[in-house]
Amino acid sequence: MSKDRFILIGNYEPDRQESMQRFSQMLQDGLLEAGYVVELWKPTVWLGKWSKSTLQGLGKWLGYIDKWILFPLQLRWRVQKYKKRKVYFHICDHSNAPYLPHLPHYQTGITCHDILAIRGALGHADAYCPASKTGKIFQNWIGGHLKKASILAADSKQTLVHLEEYIGKAITTADRWRVIHVGFNGNFYPLSTREADQLLTTNVPDLTKPYLLHVGSSLPRKNRNMLVETLALLTNEWRGVVCFAGQPVDQPLADRIKELGIEDRIITVVKPSHQLLLALYRNCEAFVFPSFSEGFGWPVIEAQACGVPVISSSIQPIPEVSGDGALLADPHQPVSFADAFRQLHQPGKREELIQLGYQNCERFKVADMIDAYLNLYGLTRLTPAVCS
């Protein structure tokens, strides 16, 4: 076992940032497997424990004290004992960039998953992340620290382009800022038809017709409305339904569904288990991902790994992530998604997309991601990668 050590900086637990928690766990597990000593530090929940939620009201401000006043003090104290030891620090989420000044500059890196919130605060409409007055101040504070990062990994080329625009200069090969695609955050594979049918029959008995699937939140940038509009366009030629997996349908979308008279053709599965998610992917007619903006787009490769055709937005970085294994459509034009769906019924097209999807998934192995992170720090794997 190496004496070299990684200390990962994770997220505040009460904030329930599940994707960031999965990412930090991926890094921790991967670096341990590569032969390094790894610790995961997170802000301690002190004041936040006195509130039911740290996402709003007084609880939000109590959480801020835990994260932005008490934890930086804790960081400075804890870093002292590593001054004479070989240790590398990595902040797993760019929204925690304000921790950078409290860590050794040239030994500390950060992962930038996207700067959509920062761009939204600056008034970029294409980010689809509008900010309040206090939100603008907060995102400016985060961005100001992010600019000063010595070592940075961006999830996609598009994020690196956005960073170049934001810092006002080109990022060259001499900079220790580079693109490192994230790997799979779980085991995604094609279930047998029998297992998928059993899971859906037991857990989603209303899902008896062919369906288009969307996985994700109800945020406006996820463009869930596109599936509803596409369904309405296909009414005379396809009698399937739309299944939303993740968060419940919000009120504006519910109103539009009612206006179109298709309430009986919408199914919602709130926070499905991993196995149920595999079943939903496996049995869908197509997975549809029409986002206006993303930092990466995990669900695209999840669907591909589960052996289903993907119809996705033509806006970067989704084409970068989907490779040749998806039909691309304009997220502003429902007819574009309807036409892409029709293409799936051309002889051999469905199977061709599925095979291209499998091939694309080879680019996102966790072991490759870990090797790239080690290279970012000038390091190499100390133990052989476990085949997956």
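Colleague: How many disulfides does the structure hold?

Modeller: This is a predicted model, in which local features need pLDDT of at least 70, side-chain atom pairs count only at pLDDT 80 or more, and totals for chains, interfaces and linings use all residues. Residues are numbered from 1 along each chain as its sequence is written, and side-chain values use heavy atoms, with hydrogens and water left out. In general, a disulfide is a covalent bond between the sulfur atoms of two cysteines. The criterion here is a pair of cysteine sulfur atoms within 2.5 Å. The structure holds zero disulfides.

Colleague: Is Cys-92 buried or exposed?

Modeller: A residue is buried under 20% relative accessible area, exposed over 50%, and partly exposed in between, with a 1.4 Å probe and protein chains only. Accessible areas come from the Shrake-Rupley method with that 1.4 Å probe, and for residues only the protein chains shown count as cover. Cys-92 has a relative accessible area of 1% and is therefore buried. Cys-112 is buried too, at 0%.

Colleague: Which residues have the most contacts inside the largest nonpolar core?

Modeller: A nonpolar core is a set of buried Ala, Val, Leu, Ile, Met, Phe, Trp, Tyr and Cys residues joined through side-chain atoms within 4.5 Å. The largest such core has 61 residues, and those with the most contacts inside it are Phe-6, Tyr-211, Leu-213, Leu-280, Tyr-281, Phe-287 and Met-369. Helix α9 (residues 274-283) gives the most to this core, with six residues. A second, separate core of 30 residues includes Trp-68, Phe-71, Ile-115 and Ile-118.

Colleague: Which residues of α9 are buried, and what do they pack against?

Modeller: Helices (H or I, at least four residues) and strands (E, at least two) are DSSP runs, numbered from the N terminus. The buried residues of α9 are Leu-276, Leu-277, Leu-278, Ala-279, Leu-280 and Tyr-281. They pack against α6 (193-203), β7, β8, β9, β10 and α10 (298-305). Contact means heavy atoms within 4.5 Å. Leaving aside neighbours within four places in sequence, Leu-280 touches residues including Leu-200, Leu-207, Tyr-211 and Val-269.

Colleague: Which residues form a nonpolar patch on the surface?

Modeller: An α-helix has 3.6 residues a turn, so residues three or four places apart point the same way. Patches are made of residues with over 30% relative accessible area and no salt bridge; like charges are joined within 9 Å, and nonpolar side chains (Val, Leu, Ile, Met, Phe, Trp, Tyr) within 5 Å. A salt bridge is a side-chain nitrogen of Lys or Arg within 4 Å of a carboxyl oxygen of Asp or Glu. Ile-65, Ile-69 and Leu-73 form a nonpolar patch on the surface, with about 270 Å² of accessible area together. Leu-73 lies in helix α2 (residues 57-79) and counts as exposed at 56% relative accessibility.

Colleague: What is the phi of Lys-271, and where does Lys-271 lie?

Modeller: Phi of Lys-271 is near 45°, a positive value in a residue other than glycine. Lys-271 lies in the loop between β9 and α9, and is exposed, with a relative accessible area of 64%.
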